[in-house]
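Subject: Structure handover

Hello,

Please find the structure below, with the sequence alongside. My notes on what was found in it follow.

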Amino acid sequence: MSSGEHPPIAPLAAAEELVLEGETAKGAPGATYGIPGRERGDRIRTAIAYAVMFLVAVLFAIPFLWSVSTSFRTLADTLAGFSLLPRHWTTSGYHEAFHTFSFGRYTLNSAIIAGAITLSNLVLASLGGYAFARLRFPGREALFMLVLGTLMIPDQLRLVPIYLMLVNWIPGWVVHLGWHDASFINRDGVILIQLVSATSLFLMRQYFLTIPRDLEEAAKLDGAGYFKTYRKVMLPLAGPALAAVGILMFQGTWNALFWPAILLQDKNQFTIPIGIANFHFAYTTLWPPLMAASVLAILPVLLLFVLFQRYFVAGVAAVGVKG
Amino acid sequence: MAVAVGKRRQARGMTNERLREALVGYGFIALPMAFFLLFFIFPVGYAIYISRYDWQIFKGPFVGWGNYRTLYHDSVFWHHAVRNTLVYTAFVVPLEMALGLALAVVVNQSIRFRTFFRAAFYFPSLAASAAIASIATYILASDGLFNTILHHLGYHHTNAWFSQQSTALPSIIGLNAWTTSGTVMLFYLAALQAIPVDVYEAAAIDGAGAWRTFWKVTFPLLKPGHFFVAVVSVIGALQMFDQAFLIGTPSGGPNYSTMTMVLYLYNQAIGSIKFGYGATIGVVLFVFIFTVTLIQRLLFGRPEVA
């Protein structure tokens, strides 16, 4: 990627290269270089690498497997000392999580919030990304730098101002749209403040920049307008970028704790992470339903990850190293 | 380049077509731009404004730097929130970098199932923090898996790791070093793949072993990667909230041992409904993080992965 054309966020660009161009193995030091006598050393090194990787993978998997195992136990089983597998398999943990502790409701809420934010990001970021990549208008570069500048503004700084705006101002504004008695210290607020992100917009723009112009020119000659070109030519070509943005947004909002912890006060609107937090504060040692809820929180992301692994890499640079 | 061409055309005067293109462009970015201005740019100024008032449930009198003075003398903030956050950052960043680099080097070998191993190491970074925290609480409980294993190794530890004042923060450090290592691994992987193969070939011809090659060749060549990962990790660590909230409960217990800066901000703003004071903490934290970023920019130029 040429450095002049792109904004100074190289990691994003690098991640994007990983996503969109597939994995490259150049520079892998494990390859043999045809030097006599190196082969045996390489084989030993490879064997050690396998052993280490396998061991670490098992270590990394143990917490997850242990939680799955516990989610199928009875409460008495969890107190009866160590056993690798449940002594009596039961789904009562899941049953309790769903019915007694409302995790069915929370799952639905999580899906609604994550789904709405993902959808709105796809629409707004692809439209905006197309404009920033292709349409010429005065102030384009400056406005795009402004968008990227929002990445420097941490959520904590926005906490109080946004909370007060959602309480005091926005309900008054939406009255003009015919929306009376609106409140935003709830699910609607969580969705509203995440309708689009600089990351989604950036990823879409970068991808549109890589699409050759010929196709658009052809569409233009056919008399297609800008929206039609976007809709019929550009969007169908932007599949990988849309997938990356969609997955990134869904995973992030599905897992999110910060804004939901601030804005969700009605138990009926809790997401799974907030539900887990509250459950955890209230019933510290009811392990089977808590582990069932945790499995529930992890499973959709695991599924997405298994199916669309390569698109996840885009999220790395975007979200940074989150604890 | 498109922009240059556009400028030349502009000089010849804006045709109707150009005007239309510009208007459509503004139309397409109107919603996102309004959104960014309203929910990102404006809140920065508004936060500073709020921080100058004694603003609780309702806006109170203007207090100038009053909130900042109060914060300066706030012992819970400095002795617990800031201290814990700095201790956390000082330990978790080197740990996650070391672990992430080690994983990256291992999965960068050209061997089979590489993709699977990368995925396995990366996944903890993707799982919901709430789920991971509750699993960790379970494993580190007084009669949990971890104490059971320790017991079999001949070490008797009977307390829950998260509920003891001396072990709560170190346990969170260990937990997060693990969950963040996958992300760090991916950053390092990108940096590793930018190192040209001939460098390794040269080292091999010189007869350098794997260990020596790593320390003498790979590690120094990763310098830009180290800086980048360090900065991103430090920024992330300074903003730690999820695990403190989940594990320490919102009060940062036991006895403030897991209180972090962001959790304290949350407590003041949402828990105690002190918006002016909360905004003040937010501004100070922002200055903190901004300074770190700026120092990095000034010292090392543009952050680069590769």
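Chain B averages a pLDDT of 88, and 93% of its residues score at least 70; pLDDT is the predictor's confidence in each residue, from 0 to 100. Where pLDDT is low, the predicted coordinates should not be read in detail. The model scores ipTM 0.88 and pTM 0.87.

This is a predicted model, in which local features need pLDDT of at least 70 and side-chain atom pairs count only at pLDDT 80 or more, while totals for chains, interfaces and linings use all residues. Residues are numbered from 1 along each chain as its sequence is written, and chains are lettered from A and ligands numbered from 1 in the order in which they are written.

The interface

In the model, 87 residues of chain A are in contact with 96 residues of chain B (contact: C-beta atoms, placed from the backbone, within 7 Å). Helix H2 (residues 38-71) of chain A gives the largest share of chain A's side, 15 residues. Helices (H or I, at least four residues) and strands (E, at least two) are DSSP runs, numbered from the N terminus. By class, the side of chain A that touches chain B has 65 nonpolar, 16 polar and six charged residues. Here Ala, Val, Leu, Ile, Met, Phe, Trp, Tyr, Cys and Pro count as nonpolar, Asp, Glu, Lys and Arg as charged, and the others, Gly among them, as polar.

Chain A

Chain A has 17 helices and zero strands. Of its 323 residues, 46% are buried. A residue is buried if 20 or more other C-beta atoms lie within 10 Å of its own, exposed if 12 or fewer, and partly exposed in between, with C-beta atoms placed from the backbone. Among contacts in chain A with a separation of 6 or more, 73% join residues 24 or more positions apart.

Helix H10 (residues 198-210) of chain A has 13 residues and reaches 19 Å from first C-alpha to last, close to the 18 Å expected at 1.5 Å a residue (1.5 Å times one less than the number of residues). H10(A) is mostly covered, with 11 of its 13 residues buried. Among the buried ones are A:Ser200, A:Leu203, A:Met204 and A:Arg205.

A:Ser102 lies in the loop between helix H4 (92-100) and helix H5 (103-134) of chain A, and counts as partly exposed because it has 18 C-beta neighbours inside 10 Å. A:Asp181 is in the loop between helix H8 (170-175) and helix H9 (187-192) of chain A; A:Asp181 has 7 other C-beta atoms within 10 Å, so it is exposed.

The nonpolar core

The largest nonpolar core has 173 residues, and those with the most contacts inside it are A:Val245, A:Ala293 and B:Tyr188. Such a core is a set of buried Ala, Val, Leu, Ile, Met, Phe, Trp, Tyr and Cys residues joined through C-beta atoms within 7 Å. Its largest share, 15 residues, comes from helix H8 (residues 165-193) of chain B. Leaving out residues up to four places away in sequence, A:Val245 touches A:Asn121, A:Leu122, A:Ala125, A:Ser200, A:Leu203 and A:Met204.

Domains of chain B

Chain B is divided into domain 1 (2-51) and domain 2 (67-300), with bounds from an automatic or database domain assignment. Their C-alpha centres lie 38 Å apart.

Regards

Technical notes
Contact = placed C-beta atoms within 7 Å.
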